[in-house]
Amino acid sequence: MIKNDLTSQYAGLKLKNPIVVASSGQTDSVAKIKKLAEAGAAAVVIKSLFEEQLEGLTQQLSQEQDHVEAYDYINQYVQSNEIEKHLEIIRTAKKENDIPIIASVNCFKSGKWVEYAKHLVDAGADALEVNIMRLETGLNADPSSVIKDHLAIAKEISNEVNVPVAVKLDRHFSTLVSLIDRLSYTGIKGVTLFNRSYRMDVDIQHERIVSGKILTSSEDLADTLRYTGLISAKVPKVCLSASTGIHTAEDALKALLVGASNVQLCSTLYQNGPSQIQAILQGIDSWMSDKQYRSISEFRGKLKAHEEDATLYSRMQFMKYFSNKE
Ligand SMILES: Cc1cc2nc3c(=O)[nH]c(=O)nc-3n(C[C@H](O)[C@H](O)[C@H](O)COP(=O)(O)O)c2cc1C
């Protein structure tokens, strides 16, 4: 039984505890969402609607059609059918559960998909997480235009919908803190750190490119902690959701201590099932009792990068640590 006050936040939503289920195959059906809610999840982020998923499907069909009108018809049908299935998951999940249901869109540019966002909200989504996933591979790619596009997406979507918007980001930004500061003026309420992009690997036996490790472990937590600690100190106006590497109660507590408002679980649920949610909640609760904390707000952010601790997050640590190693 939980003894302490575990209430938390997600982009302006009040949550009964800090455990959110991350967007993934774990949240792609009403039945799975129901199980997660029953297992104690405070909110779920539904499996993303992908731009490519919609576009890929329509392109595939276009190859089978040489008549333009037929293509247009099928194109429209496929898009609306896909979206309709997705909307139905939100509607039913919302009806059958009393936790916030967060819709998710995985995108890389602003534009047409913003129209879909309104439908997600009309279907009952309590908030929207926008996963901006770009992989710049062009020789002439311009870093400032990548930043501009991120800001445009955040602004357009925040203007379009009347529910809280969170942006889920990739860790590969040389100026992440400044990007998030600029994002905080676009109307978004939260930032999820981080996305996990598709991993590639090389099979040396067959000499080909293969899929890398899909799931994470607690060892993947370090970047999440570093940037959560830095950003919670420097951009206090956005609410941070820690994603990547949260597997245990200890991982969740670390993220909360450096300033996360909540944590998102994905890999650990693939590995251990929904019962892991209770195990983590019990672990957080008993640590709090041992430390005599009664609510999460009493310790959340205690270890963020305060001015006096800032060097613990910086290049200085690298110098101190590695200059003394043999
Ligand atoms: C199989 C799988 C599917 C995923 N699908 C999505 C998705 O649709 N949208 C999204 O934003 N993130 C997706 N993710 C990323 C997760 O939401 C999460 O950010 C990532 O797995 C890191 O968290 P973890 O360490 O708890 O696994 C997916 C992850 C996995 C493993």
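Is cysteine 107 buried or exposed? I looked it up: cysteine 107 is buried, at 0% relative accessible area. Cysteine 266 is partly exposed, at 23%. My cut-offs: buried is under 20% relative accessible area, exposed is over 50%, partly exposed is in between (1.4 Å probe, protein chains only).

Housekeeping: this is a predicted model, where local features need pLDDT of at least 70, side-chain atom pairs count only at pLDDT 80 or more, and totals for chains, interfaces and linings use all residues. Residues are numbered from 1 along each chain as its sequence is written, and side-chain values use heavy atoms, with hydrogens and water left out.

Next I checked for disulfides (cysteine sulfur pairs within 2.5 Å), and the structure has zero.

Then the ligand. I found 20 residues around the ligand (a heavy atom within 4 Å), and Ser23, Ser48, Asn131, Thr216 and Ser267 come nearest.

For polar contacts I took N or O pairs within 3.5 Å. Serine 23 puts a backbone N or O atom 2.7 Å from a ligand oxygen. Lysine 168 has a polar side-chain atom 2.9 Å from an oxygen of the ligand. Cysteine 266 turns up again here, with a backbone N or O atom 3.0 Å from a ligand oxygen. On its own the ligand has 610 Å² of accessible area (Shrake-Rupley, 1.4 Å probe), and the protein covers 89% of that.

Notes. Polar contact = N/O pair within 3.5 Å; in protein donor to acceptor, adjacent residues only side chain to side chain.
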